[in-house]
Amino acid sequence: MTTHFPILSVLLWLPIAGGVIVLLAGRVAPRSVRWLALFFSVLVFAVSVPLWTQFNTGTAAMQFVENLPWIRTFHVHYHLGVDGISMPLILLTTFMTVLVVIAGWEVVHYKLAQYMAAFLIMEGLMNGVFSALDGLLFYVLWEAMLIPMFLIIGIWGGPRRVYASIKFFLYTFLGSVFMLVAIIYMYVKSGSYDILTFQQMPLGMTAQALIFLAFLAAFAVKVPMWPVHTWLPDAHVEAPTGGSVILAAILLKMGAYGFLRFSLPIAPDASHALMWLVIALSLIAIIYIGFVAVVQTDMKKLVAYSSIAHMGFVTLGFFILFVIFEKTASTSGTVMGVEGGLVQMISHGFVSGALFLCVGVLYDRLHTREINAYGGVINMMPAFAFFMVLFAMANVGLPGTSGFVGEWMVILTSMKANFWIAFGAAFTLFLGAAYTLWLVKRVLYGPVGNDHVATMQDISKREFIVLGLCAIPVVVIGIWPAPLLNVMHASVVNLVHQAVQSKL
Amino acid sequence: MNPAMPTIFLIIVLAPLAAAVIAGIFMRFIPRHFSHWVTILGVAVSFVLSVYVLWQMLYNSMGNFNVTVYNWGVVGNVQFQVGFLVDRLTALMITVVSFVSLMVHIYTIGYMADDPGYKRFFSYIALFTFAMLMLVMANNFLQLFFGWEAVGLVSYLLIGFWYTRPTAIYAGLKAFLVNRVGDFGFLLGIALVLTYSGSVNYAAVFAYAPQLAGQHMQLFPGLAWSVPTVICILLFVGAMGKSAQVPLHVWLPDSMEGPTPISALIHAATMVTAGIFMVARMSPLFELSDTALSVVMIVGAITAFFMGLVGIVQNDIKRVIAYSTLSQLGYMAVALGASAYAAGIFHLMTHAFFKALLFLAAGSVIIAMHHEQDMRRMGGLRKYMPITYITFLIGSLALIAFPGFAGFFSKDTIIAAVHDSQRAGASFAYWCVLLGVFVTALYTFRMFFMTFHGKERFVVEPGGKHDHGHEDHASEEHLAPGHLAHPPKESPWVVTVPLILLAIPSLFIGWLTIQPVLYGGFFGSSIYVAPNHHVMQRLTDEFHGAANMVRESVTSPALYLALAGVLVAWFFYLYAPQLPALLAQKLNAFYQLLIHKFYFDEIYAFFIAGGTRGLGNALWKGGDGVVIDGVLVNGSARAVGWLSGVLRRGQSGYLYHYAFAMIVGLCLLLGWLLLR
């Protein structure tokens, strides 16, 4: 029963309601659409802040819980709650949505109300995914989330938007169908859709392995992990700026979040047995994709590939805990890897979002994403160059930026697991710098590249605000990640204990 | 314990940061002179307080400080903190760093006077100072790594400062990437330290170090490696990047693309010394591994000798000095490898003064020559710019270790230490550093004579067209003379005053400090030397005062090698200037090897840069494009399409098709029932 203010429900439904209102306003008062969208996104962000301020860091239990029966026949509940793992992701979502609304302000003209509404509705669904504690509710929201994104790419996307949106949809849908099967299987076994029940129910090794693989199919596509990553560059390239930002900042986190909420606690023994698979795929993501990113000629593709490589650190950080546990028979030192992966998720949300916004700023001016079309942009846009270099450095993982924290923690932890894992992961030091700074060199530096570049105007106040808002968390987390780590800690410790506790 | 000290440490690092932020963020709103005043003030505050700290340590016997500023992050029982370890090693470093930086700041007012990026430049160099101070004051590996990367970042920004020049931005990128290769090893080393000791705080790590000694790890199955050796070699790979040791040295000569003041800053105080400092700081770890120390020594020796050779054939005045930096860094590394850490740091200090002096003096020449850097277009400048001439001469004598000058005391100590060392590779290193003395003298005085003596190889054309001579890639010899609109003249006081202020320590710092720093137990507990690595101890027994050391130098081969080098330089470049070209022709293969800097750049460009791109393209087009998208994704789409095409035939809608299928099915079923 709910006695407190239903903050999670508000975070789920308020943006959806806002989206509907914006849609209606698009017919009645089209000029108010932007301000309405901004109002709702800021309001939702304001509502989400107490999640942080009133969060009890001392417990791993779910907080702000709401639990109502939804479909009694099938024991489906409307069950929401957050812990230290999901709460920061919700804040990330509400924060990035504000940015996306501002970023689309003067840029989007075609079906503006629908555009804004799509992002608001999306926001509600994403908040729901991060707070759902009922398997079916999670699944419904997970799939529902695809629809606005599909529309965003398909309607406001680039020339090959149809191919990209269908590829995106089929890829992710195919993966999640397996997840549905797994969820139904567990319902049949336990008689409940409650995720926390799933986590506690005993399961044999075969069942665990199948469940793990089913979830892996869903989550690996979303993260995305090699080799099911090829939808991402296409989707990013065709998506409008706002779509890319949400895709990179939030949607990619869904898969990684799924590993923590489902795979590790529900199928700990299978996770343990198949850890090498995930670790190998993570290292491939870091190294293979790092090489691929170097040779990209399209700015968005480059950032997209860099996202895949960075997400490799997330999955690596999660799964090395099993290697360490196997080696030392203790969980000490494993928490750092998981927390590093989580920080990497949050950081990557800001950094990759910001980089896509930067690409968007350039695209709005010259209408091309080809790196060769630029050159010497710093001469015309020094303020923009400042931000882009800052975010590039965060992408490189420079200490003092948020991008460093996760990589540092994951690499340090993987050394505890195995020298060669750390060795592979550390390739990012070189590759990350190579692709990011080579991009910066070709786009920003040098003499003014051509006549088009010569006409470019430096960022407007609006763009300054958007990039500036991104820069704040990037720097603050880099200088002082302790509060973020503190929020996660209890939940991660609990999770690690679940993960090493055999269910057999 | 002085309770105000932690605050003072904070001010030392934050003053340059605050100045950099003010000058950077408010760049558009503040006047030019404000940006230099605020940054100079910030660095001056650091310098004054650093001197105060050093003073307190030397004369008021202040102890070491190990203070935590804040908790960066806590994960379980691992604490990542930001804090300061200030002992005598640190106190010496911050004083040197802030002093050289202050000189560079003042000098920049003159050097960059006409540059449109004036304010940005001041912001960067103040930030550079901040980063280096954070590095040397760190009390843990996290902050060390922060400073380490931050100097890398600022050097990237500064080398590429003139961002419209393709060569400059290329050099900046190259510096960053090469350093990142070093960081690769460095980070793995730090990770190993944490894995074994369970902490990244120096105090805890060093306390644990003795337990590390006997431990082994298996990198390859069946092959046990000593853990301290692996850790120290990995850490040293980081130092090879920052301190530009072969084969990660390639970024340093290219860093000359940046404005001259930052060359001085990078080469003298802020960046390249980081690696040397780090090894000295980690002496409790390095002392555990003779193998690692041998590696340090041999790498240093190779750098010291072979990079000096390259310096002989350079024609760009700044590049000659750059190669001399490489070579001198090699000397420092050799000292570290011989367990003579104090000597290495001592050379770092003297080198900081005379190298900053040489760079700034070269900059003064470059201003006078209207941004001409090619020595083949200089000559005879001594009569135009006497202050620069004298100070450059002092710097040169210090560099070649002429008895009595600053470099003499430090370099001779290193040579003696290597001579005494019993470590594997020590005899190789000894010959390298000894012959290096000749090479150093040769390239230094070649540069000195080509610049300031001989006949003028430029034409003054009053009112003629301005020829800023930005590189036209002429042939190696027979370069057309340069054209100057005005005769060269001495630089303004903001340039010459730093030169004089740096010339003073280049003259005297060795005399004054060798006794206390090297032999008076100055470093105390900040440097740990294992009892059986007593190189410095033996030198201490042999040391009888600075004056004696100068007197004894007449019996050492080093002095005669240096004199021979000067003599050869004089012979080739003043007495018979036609000879070098002839010699280059005769020894063409060797000359080509040197002029191409042993082909490091070409090899890296082909294998590393080309290899990365080639592999990237192969994985992208082949892996992602053909295999995954082509075969798996679109292939499965096609497979589905084909399958549905096949299945569609089964649903033709013709009754006789269905009837036929039913009959066939029935026959099969019956047959199976009958025959089973």
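## Where chain B meets chain A

Across the interface of chain B and chain A, 15 residue pairs are in polar contact, both residues at pLDDT 80 or more; such a contact is a pair of N or O atoms within 3.5 Å, where within protein one must be able to donate a hydrogen and the other to accept it, and residues adjacent in sequence count only if both atoms are side-chain atoms. On the side of chain B that touches chain A, at least two residues each come from strand 1 (65-75), strand 2 (78-86), helix 5 (141-159), helix 6 (166-197), strand 3 (216-220) and helix 25 (600-650) of chain B. Helix 6 of chain B gives the most, with 16 residues. Helices (H or I, at least four residues) and strands (E, at least two) are DSSP runs, numbered from the N terminus.

In contact terms (heavy atoms within 4.5 Å), 54 residues of chain B meet 64 residues of chain A. Two salt bridges are counted between chain B and chain A, where the rule asks for a side-chain nitrogen of Lys or Arg within 4 Å of a carboxyl oxygen of Asp or Glu. In a salt bridge, Arg28(B) pairs with Asp458(A) at 3.6 Å, N to O.

## How to read the model

This is a predicted model, in which local features need pLDDT of at least 70 and side-chain atom pairs count only at pLDDT 80 or more, while totals for chains, interfaces and linings use all residues. Residues are numbered from 1 along each chain as its sequence is written, chains are lettered from A and ligands numbered from 1 in the order in which they are written, and side-chain values use heavy atoms, with hydrogens and water left out.

## Salt bridges inside chain B

Helix 6 of chain B turns up again here. Asp254(B) and Lys174(B) form a salt bridge at 2.8 Å, N to O. Asp254(B) lies in helix 9 (residues 251-254) of chain B and Lys174(B) in helix 6 of chain B, so the pair ties together parts 80 residues apart in sequence. Both Asp254(B) and Lys174(B) are buried, meaning under 20% relative accessible area, with exposed over 50% and partly exposed in between (1.4 Å probe, protein chains only).

Another salt bridge joins Lys242(B) and Asp183(B) at 4.0 Å, N to O. Lys242(B) sits in helix 8 (residues 227-242) of chain B and Asp183(B) in helix 6 of chain B, 59 residues apart. Both Lys242(B) and Asp183(B) are buried.
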